[in-house]
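Dear colleague,

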Amino acid sequence: MDKKISRREALKGLFYGGIGLAASGPILQGLSVSADAANVPAESPWKEAPAGSKIDTRTWSKMGETLGMLGLGCMRLPTKGGGGGGFGRNQPLDQEAVNAMVDYAIAHGINYFDTAPAYGQSEVVTGNALSRHPRESFKIATKISNMNGPATLEAGKQMFETSLKNLQVDYVDFLLLHNIQNMSGYVNRFKNNGLFDWLLEQKKKGRIKHLGFSFHGTNADFPGLVDLYDWDFVQIQLNYADWKEMSAGWGGNSGTTSSEYLYNYLVGKGIPVLVMEPVKGGALASVSDGIAAVMRERHPDLTPAANALSFVGSLPGVMVTLSGMSNMEQLKENVSLFTGFKAFDQGEMDFMLTVADLYKSKGQIPCTACKYCMPCPRGVDIPGNFKIFNTASDVLLLDAAGDKKSVASKQRAFLKLYRAQDKGVRADACIACNACLPKCPQHISIPQHMHRISEIVAKL
């Protein structure tokens, strides 16, 4: 070739055809990524943090707080049936398992715990676990989750009082206006009904220490919301895959959003940034073998999840990186990463943006498995179908390039997973009633994707 190809362009080329890295030894060598690295399964490279060690902290003069860099997100707590709770809608949360995780977290310096009324049993179970520890040993964050119910002043007051009761506390350290997407949403849910003014009164009384909001809108909608009040902090979705632009579907037709823009706007205003979805609902922890090999060659001591968390933790304006951990193994790995945290330099941050290009080339549906869209009136398991699709999204096009045997094998694996579901929860049970659309904070065109999955299954 007469032209030189950049590292990013060459890496992207390996994935656009769904090839992966396994059969690309010569190209990998030219990119300093060995074929062996692509073919050898990764072993867990992390070691548990020593007993008595603490995660790194950051001190925030704006609010006079010293917080652990890692926070425990309590949206995906373990259930009695095993696995993450997903708000515990289908199975009750496992109180004993949550107690053990909270005990380990506090013992290793995690002092920020995030929950919400919208997370099902989370507030009650989290409150039970934290009540066994001195109040000064933890900071609790909860939200006013009045997205779907009546947005009245009395309903908002009751929600706040119920949160205090569930959490077994007299005050909330951090209160968020939950899932604000635009100015009209703020006005309708908090301003016109007098709820925001009431929350300010509670803050003056000491029942709320710090006030902020979580954002799920577009770049265009963000500045107006940030500038309307002197917020103590703001929570945004931030990860390396969304840094330049959120995946297709975010923001509907009203514009685009990027983590970079939101982060820089807050830093420019001197507002501490609180990060949600640093691993994109677990999607960045279970990337394809090829992408995992690229990261492993660069950082052999980090898992894909640790790479994602390191990207976020390396940003100096980030107050806390929230991780929705579902089991003790995830908690221990994340604690290990943030104990003696090694920040990425600019070269490593740029490398992760190359990985983002590879990740997006697979055509994954940007679902974070938050389950706000559930329950479906028809019983469809929306996040379950999306997860199955994403495991093989790079080879589900019937004209997918690459080794035909490998492509066919992965397509068969997709079909096996899809058919293992009960018929009533599969994508083809969707009737496009659109009940899910206004609930999705990622603004995914859910019925369209369900139809797409059904078509692919029929063709295969």
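**Strand pairing and helix packing**

Strand 3 (residues 70-73) pairs with strand 4 (residues 112-114) in the parallel sense, over two bridges. Strands here are DSSP E runs of at least two residues, and helices are H or I runs of at least four, numbered from the N terminus; two strands pair if DSSP finds at least two bridges between them. Within strand 4, Asp114 is the bridge partner of Gly73.

This is a predicted model, in which local features need pLDDT of at least 70 and side-chain atom pairs count only at pLDDT 80 or more, while totals for chains, interfaces and linings use all residues. Residues are numbered from 1 along each chain as its sequence is written, and side-chain values use heavy atoms, with hydrogens and water left out.

Eight strands form a closed barrel in the order 3-4-5-6-7-8-9-10, with parallel pairing. Neighbouring strands of this sheet are turned by 30° against each other on average, direction ignored. Axes are lines fitted to C-alpha atoms, for helices over the stretch in contact, and angles run from 0 to 180 degrees between N-to-C directions.

Helix 15 (residues 382-390) packs with helix 16 (residues 404-419) at about 165°, their axes being 9 Å apart. Asn385, Ile388 and Phe389 of helix 15 make the contact with Phe414, Leu417 and Tyr418 of helix 16 (heavy atoms within 4.5 Å).
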